[in-house]
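Subject: Structure handover

Hello,

I am passing on the structure we spoke about, with notes on what was found in it. Please read the notes with the structure open.

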Amino acid sequence: MIRFGILGAGRIAHTFAQAIQSTPGIMHAVASRDLKRAQSFQSRYPIAKAYGSYQDLYDDPDVDVIYVATPHGLHYTHMMAALDAKKHLLTEKAFTLNAREAQEVFDKAKTQNVFVMEAMWTRFLPVTQTLLKRVSDGIIGPVKSLKATFSFAGDLRESGRLMNAELGGGALLDVGIYPLTYADLFGRLSGAMTSQHTKSKTGVDLWNKIEIHAGDFQATLESGFLDDKPREAIITGAHGKIVVPSFWAAEEAFIYDARGVMIEHIHHPHRVNGFEYEIEAVIDALNHHLLEHPIMPHAKTIEMLEHMDAIRNEWGVVYPREKITS
Ligand SMILES: NC(=O)c1ccc[n+]([C@@H]2O[C@H](COP(=O)([O-])OP(=O)(O)OC[C@H]3O[C@@H](n4cnc5c(N)ncnc54)[C@H](OP(=O)(O)O)[C@@H]3O)[C@@H](O)[C@H]2O)c1
């Protein structure tokens with residue numbers, strides 16, 4: 001049996017634990033910087049071990065895969081340490097601060113002969129997979145435009161992970177990655193890319209809007225922490241359109257023909273909370289001795305980070321570690 005360990009007992013670690021607990025025995029350990037916090041987490045789920053240091057998790061020979069659930073700015077350090085211990089990795093988005101760091105992680109993973117995947121759960125959702133098939137079958141004709149928005153009223157305390165530059169804060173890496181992913185899946189991430197942003201006092205982006213003009217395809221991608229906006233994606237084709245509410249976590253989508261008549265309602269309610277699909281993908285990949293998953297291969301993680309690097313470069317959003325290493 002493949003056994004998982006969770007690194008960091010924060011908010012998303014709970015979502016992960018809820019999804020994985022339905023398979024008895026596979027969630028083996030949780031590690032926190034604080035033993036009491038790890039034990040409190042352990043008390044809520046069927047987990048054999050609770051550790052008060054991340055090193056204890058790296059050192060546990062019974063852990064095969066580590067789910068890295070720490071802030072973006074720490075993923076690189078935590079992954080490199082876990083790779084020293086030859087652990088397979090499933091790491092939350094955004095995978096690292098930039099493409100260079102991601103490449104170093106993948107290079108080391110190759111040397112250590114272990115599996116690594118960015119936890120971009122949206123790509124694994126049944127709604128996403130069904131929509132990819134419908135679009136490639138031509139249900140709305142060639143895709144002409146995409147509008148995707150992920151904006152919410154976030155925690156704007158300067159020390160929090162959304163705002164703190166040391167922790168890799170900023171809307172682009174946190175939520176902007178989802179509209180960009182939709183553009184990659186259903187449109188194009190090429191051509192002319194222009195963008196606007198609002199910067200925080202801490203030097204990260206609070207809000208951004210990215211526009212892509214690539215021949216006959218256009219996209220408007222918006223993300224931010226400043227306010228709640230309708231969070232949906234609209235994919236428009238030559239012969240119809242698709243509306244996907246909460247597209248990054250989609251449980252349903254509505255397909256309309258050119259006259260605006262709904263022709264299909266795709267509905268795949270999550271069995272748990274939607275994380276189960278990426279978890280199953282990791283287990284399946286490991287059972288097949290793969291080092292990367294075809295739905296979220298290393299090259300795709302690098303490509304997405306390269307786009308975000310280029311956008312941040314235009315804005316002058318540079319993380320403290322990048323200033324030191326550049
Ligand atoms: N897939 C999704 O839908 C989704 C949704 C939200 C977030 N995420 C991703 O999940 C990751 C974590 O986000 P989150 O919302 O769970 O964050 P969070 O609640 O702040 O939890 C992050 C955890 O990281 C650990 N950590 C280690 N060093 C830290 C430091 N210096 N400062 C703060 N925390 C530190 C802490 O755990 P201990 O104190 O227990 O060690 C903390 O609880 C991010 O990559 C984020 O983008 C994904």
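M117 is part of strand β6, which covers residues 116-119. Please keep in mind that this is a predicted model. Is M117 buried or exposed? The cut-off for a buried residue is 20 or more other C-beta atoms within 10 Å, and M117 has 26 C-beta neighbours inside 10 Å, so M117 counts as buried. Leaving aside residues up to four places away in sequence, M117 touches L90, V282, E292, H293 and M296. Q21 lies 96 residues from M117 along the chain, and the C-alpha atoms of the two are separated by 20 Å.

The parallel sheet

Strand β6 belongs to an open sheet of six strands, ordered β3-β2-β1-β4-β5-β6, in which the pairing is parallel. The edges are taken by β3 (49-51) and β6; each has a single partner strand, so one side of each has no neighbour in the sheet. From one strand to the next, the twist averages 20°.

Inside this sheet, β1 (residues 4-7) and β2 are paired in the parallel sense over four bridges. Strand β2 spans residues 27-31 and is mostly covered, with five of its five residues buried. Further along, β4 (residues 65-68) and β5 (residues 88-92) run parallel and are joined by four bridges. There, V65 is found opposite H88 in β5.

The mixed sheet

Eight strands make an open sheet with mixed pairing, in the order β8-β9-β10-β7-β11-β12-β13-β14. Which strands stand at the edges? They are β8 (192-199) and β14 (262-267), and each has a single partner strand, so one side of each is left without a neighbour in the sheet. The twist here averages 10° from one strand to the next.

Both senses of pairing can be seen around β10. Strand β9 (residues 205-214) pairs with β10 (residues 217-224) in the antiparallel sense, over eight bridges. Within that pairing, N208 stands opposite S223 in β10, and E211 has T220 as its bridge partner in β10. The hairpin of β9 and β10 has two residues between the strands, and G215 takes a positive phi near 65° in this hairpin. The pairing of β7 with β10 is in the parallel sense, over seven bridges. In this case K147 is opposite T220 in β10.

Helix α7 (residues 171-186) touches β7 (143-151), β9, β10 and β11 (232-237). The direction of α7 makes about 160° with that of β10. Helix α9 (residues 298-315) touches β8 and β9, and the direction of α9 makes about 55° with that of β8.

The domain assignment of the chain gives domain 1 (4-120) and domain 2 (126-267). Taken over C-alpha atoms, the centres of domain 1 and domain 2 are separated by 27 Å. Eight residues from domain 1 and seven residues from domain 2 take part in the contact. On the side of domain 1 that touches domain 2, five residues are nonpolar, two are polar and one is charged.

Regards

Methods. Residues are numbered from 1 along each chain as its sequence is written. This is a predicted model: local features need pLDDT of at least 70, side-chain atom pairs count only at pLDDT 80 or more; totals for chains, interfaces and linings use all residues. Domain bounds come from an automatic or database domain assignment. Two residues are in contact if their C-beta atoms, placed from the backbone, lie within 7 Å. Ala, Val, Leu, Ile, Met, Phe, Trp, Tyr, Cys and Pro count as nonpolar, Asp, Glu, Lys and Arg as charged, and the others, Gly among them, as polar. Two strands pair if DSSP finds at least two bridges between them. Axes are lines fitted to C-alpha atoms, for helices over the stretch in contact, and angles run from 0 to 180 degrees between N-to-C directions. A residue is buried if 20 or more other C-beta atoms lie within 10 Å of its own, exposed if 12 or fewer, and partly exposed in between; C-beta atoms are placed from the backbone.
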